[in-house]
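Here are my notes for your first look at this model. Keep the structure open while you read.

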Amino acid sequence: MERQGSVKTIRELRLALDRQAGKKIGFVPTMGALHEGHLSLVGQARQDCDVVVVSVFVNPLQFGPAEDLAEYPRLLDEDVTSARGAGADIIFAPAVEEMYPEPMVAKVRVEGLEDVLCGKYRPGHFAGVATVVVKLLNIVRPERAYFGAKDWQQLIIVRKVVKDFNLAVEIVAMPTVRDADGLAKSSRNRYLSPKEREAALVLPAGIQAAAKMIAAGERDAGRVIAAAKEVIAAQPGVKLEYFSIRGPLDLLPVDVIAGEVLVAAAVYVGRARLIDNMVIKV
Ligand code: AMP
């Protein structure tokens, strides 16, 4: 098994994996700057599989022109150490030219799911995600791939792509890992000053407020959203992008809360765009 450093090329990765023929491969795709959220996925893959591959690739295809591609944290040495510590066997960290040696003209689109919630504000983002995930799944050919519920829309889109294309992989969803005060762990939390980090707590607080109202019997999604928006608006350092209640699988807006619903929100805190969600069963 590979033990030091990271694998840079698809050829090298395939050679290493071909030597593991017959073993169960678990795969955790990431953009690096690994934190405990990512490492929970790696830990689960370690438990379930014989060989654990973690990819670290900041995928340009999923960033809009005005987004944070250039400044996105790149900490490969630390990532190699922490991924190995959590049980990764191989860290695949290709350069952009390795993944995209020529312009991509074939793209994976996921109609209906890619243009709502975050997709409405990040045009092309989920096509970029779906495209790189299909590439990575074809390169690694894992039996299982692990995704975090923190990026709920991404998880639903990946599941739909796997289903629609009959990809031979099982998608495993892992719960959102949070800091003790409730803020979901995110590579983008590194952008936050201490003051901004404090302000960012209104994001989980807004979602919690919605969850409490629903638990108390409120079934009118509009009223729940209005109350949660007030919670978030009370924090002047935070700019709300959206707060929405949707079907957890079809991502369609819900008027009357019943069964299972997704409560999802995105905010800007300074330059950091943060998202959070909760799936609530009534
Ligand atoms: P990223 O590096 O942001 O592309 O994330 C890579 C994977 O880690 C995705 O499947 C994310 O959903 C997952 N992930 C990121 N943050 C968390 C978290 N706080 N808890 C659980 N999974 C997470």
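1. Start with the domains. 24 residues of domain 1 are in contact with 17 residues of domain 2; contact means heavy atoms within 4.5 Å. Domain 1 covers 6–174 and domain 2 covers 187–277. These bounds come from an automatic or database domain assignment. The two centres, taken over C-alpha atoms, are 26 Å apart.

2. A word on the source. This is a predicted model, where local features need pLDDT of at least 70 and side-chain atom pairs count only at pLDDT 80 or more, while totals for chains, interfaces and linings use all residues. Residues are numbered from 1 along each chain as its sequence is written, and side-chain values use heavy atoms, with hydrogens and water left out.

3. Now the largest nonpolar core. A nonpolar core is a set of buried Ala, Val, Leu, Ile, Met, Phe, Trp, Tyr and Cys residues joined through side-chain atoms within 4.5 Å. Buried means under 20% relative accessible area, exposed over 50%, partly exposed in between (1.4 Å probe, protein chains only). The largest core has 47 residues, and those touching the most other members are Leu13, Leu17, Val53, Phe92, Met99, Val140 and Ile171. Elements giving two or more residues to this core include helix H1 (10–18), strand E2 (51–56), helix H6 (125–140) and strand E7 (260–269). Helices (H or I, at least four residues) and strands (E, at least two) are DSSP runs, numbered from the N terminus. H6 gives the largest share of this core, ten residues. Each of domain 1 and domain 2 supplies at least three residues to this core.

4. Look at Met99. Beyond its neighbours within four places in sequence, Met99 is in contact with Phe57, Phe92, Pro94, Val132, Lys135, Leu136 and Ile139.

5. Find the ligand. A side-chain N or O atom of His38 is 2.8 Å from a ligand oxygen.

6. Finish with Arg122. Arg122 sits in the loop between helix H5 (118–121) and H6. Is Arg122 buried or exposed? Arg122 is buried, because its relative accessible area is 8%. Its side chain makes a polar contact with the side chain of Glu67 (2.6 Å). A polar contact is a pair of N or O atoms within 3.5 Å; within protein, one must be able to donate a hydrogen and the other to accept it, and residues adjacent in sequence count only if both atoms are side-chain atoms.
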